[in-house]
Protein chains: 2
Amino acid sequence: MIVSLAGGVGAARFLTGLVRVVPEEELVIIVNTGDDIELHGLHISPDIDIILYTLAGIVDEEKGWGVRGDTFNCLKFLAKLGCETWFKLGDMDLATHIFRTNLLKRGFKLSEVVDDIRRRFGLKVKVLPMSDQRVETRIVTDIGELHFQEYLVKRGASDRVLGVKFAGIEEAEPTPGLIESILEAEAVVVCPSNPIVSIGPILSVKGVREALLRSEAKKIAISPIVAGRPIKGPADKLMQGLGLEVSAYSVAKLYSDFLDVFIIDQADIDEKDRIERLGIKVISTNTIMRDLKDKVNLAKVVIEQVRGSRNQIL
Amino acid sequence: MIVSLAGGVGAARFLTGLVRVVPEEELVIIVNTGDDIELHGLHISPDIDIILYTLAGIVDEEKGWGVRGDTFNCLKFLAKLGCETWFKLGDMDLATHIFRTNLLKRGFKLSEVVDDIRRRFGLKVKVLPMSDQRVETRIVTDIGELHFQEYLVKRGASDRVLGVKFAGIEEAEPTPGLIESILEAEAVVVCPSNPIVSIGPILSVKGVREALLRSEAKKIAISPIVAGRPIKGPADKLMQGLGLEVSAYSVAKLYSDFLDVFIIDQADIDEKDRIERLGIKVISTNTIMRDLKDKVNLAKVVIEQVRGSRNQIL
């Protein structure tokens, strides 16, 4: 069993490759829910939906989120009703939010709802929200504290970052089976996601980091930073805000307590020595996933590392 | 002030004419909520929305309900998720349901929400749901008890009607201002709506019938039955199921305790004597509203009766 820790778009791209290299039934994807937000009374789980839509083959690939070919008529009407509509919710996408909100209201846990939607999409991969309790990633900025989505989507990541908080993280229990999956995994793959606001919350859920340290799984991460810049998203601004260097090395350092292998882009080959001095094996390859071939290749590089480990163990 | 008791499509057509004859500010529309239903966790108020969409000029006139030019992409996606989608919810229409559900969840009363939506649509007419408490019209049929929408929309009014219940009606309080509006009205107009399931629930809310009897307003009704058949909807099946004759006379009889004037279609001129023997004045005119001119003409016939009354009082 291979466990992945995932955020949104970057993770989804990588996982599209991974499901073509490893049978879906052998995959567990642990997904960040710190980005979740309630809008118009609906529970939105952006990272989970990106993963599900992508694996179901219905994601809007150009945007990286939402459903391909979606319309925005409901949102336009919500605007007429005077609602804030900075968070773009398509009509088809809204069906997921309505469906999820309805099940949550009826007392189901988020993990149960996600598992239900996953099956309705015909997916065999196991998708686990990091917690059934609400955790809210809040960005402390020079204009005050903002929900991550307000910081990113509403205000275009334009505010100076002073800190990051995961509200509710102390009370958040890992979803049932999450810790066990890490402990029993053959490998844990940290997807090329934002280390601060995508992987950060997952690693902060109680017991997760300890499980990674205890687990005999091979722990492999793919750098979301290439040549000093994130492929997508505000990782650079968040890292800078926290006083971190924006580099593959800096990401490796965040994971260095548990990480065995770090996969960096060829563009960052000069980071190799520095990262290896953290006690982490470094593999350099093309990590920029422009098409399915890139995604499958990157997945193969990861799986090679797992199989290598297996051979050593056997 | 003119108070109308209203159901859905028939009422909305008549009111389109009325707002062109009487200033909006002088109108109060009391709307049936017995048809309300929760679907996908959203609170749907079909009659209220038909009235609001129609008066706002955005209704799908061909259907009589929903928003003109609406799409159904959310519903199609809900179907993919395995949801029942017999109740047709358009994407724009859904915005209203999402908006209303969110405000109800936040503790606002239905009447407050309706007033808010009404204002957001730029309407000056006052729209009062009959009650802020849930009343559910249930049709007792040969296959069991059904929510009215299940009976009508899901099963196409195909089941034999044995009875009609308004679940929750004993506990339902009239919305604030409703009784006062009837008592202070110059006229109360019962729209050409289903007497059993549209006007019936309103008349059953505690205090409403008594207010109609006490009020000095001229009470005028327009027959929804023309030549022994309803213009639209299942009024015939419901009336038959309750052992009632399907006729204008039969409707007049249901309102005879409070009614002053009954407006029937020219086609029902032979009903006139029978209805007048109930102590009700009868006016016959064209009641079939094919276009705006028909609607305005019918409204004028009604208002003539009110002005007549005024002149007599003065």
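Chain B superposes on chain A by a rotation of 180° with 0.0 Å of shift along its axis, at an RMSD of 0.0 Å. B:Asp91 has the C-alpha of chain B nearest the axis, 3.1 Å from it.

This is a predicted model: local features need pLDDT of at least 70, side-chain atom pairs count only at pLDDT 80 or more, and totals for chains, interfaces and linings use all residues. Residues are numbered from 1 along each chain as its sequence is written, while chains are lettered from A and ligands numbered from 1 in the order in which they are written.

Next, the interface. In chain B, 23 residues are in contact with 23 residues of chain A; contact means C-beta atoms, placed from the backbone, within 7 Å. Helices H3 (73-80), H4 (91-105) and H5 (110-120) of chain B each supply at least two residues of the side that touches chain A. H4(B) gives the most, with 9 residues. Helices (H or I, at least four residues) and strands (E, at least two) are DSSP runs, numbered from the N terminus.

Now take chain A as a whole. Chain A holds 13 helices and 14 strands. Its C-alpha trace spans about 60 × 45 × 40 Å along the principal axes. Of its 314 residues, 54% count as buried. Buried means that 20 or more other C-beta atoms, placed from the backbone, lie within 10 Å of the residue's own.

Finally, look at strand S10 (residues 218-222) of chain B. Is S10(B) mostly covered or uncovered? It is mostly covered: 5 of its 5 residues are buried. On one side sit B:Lys218, B:Ile220 and B:Ile222, on the other B:Lys219 and B:Ala221, and all are buried. In a regular strand the side chains alternate between the two faces of the sheet.

S10(B) pairs with two strands, listed below. Strands pair if DSSP finds at least two bridges between them.

| Partner of S10(B) | Sense | Bridges | Bridge partners |
|---|---|---|---|
| S13(B), residues 261-265 | parallel | 3 bridges | B:Ile222 and B:Ile263 |

Terms used
Buried ≥ 20, exposed ≤ 12 C-beta atoms within 10 Å, placed from the backbone. Contact = placed C-beta atoms within 7 Å. Least-squares fit on C-alpha atoms with pLDDT ≥ 70 in both.
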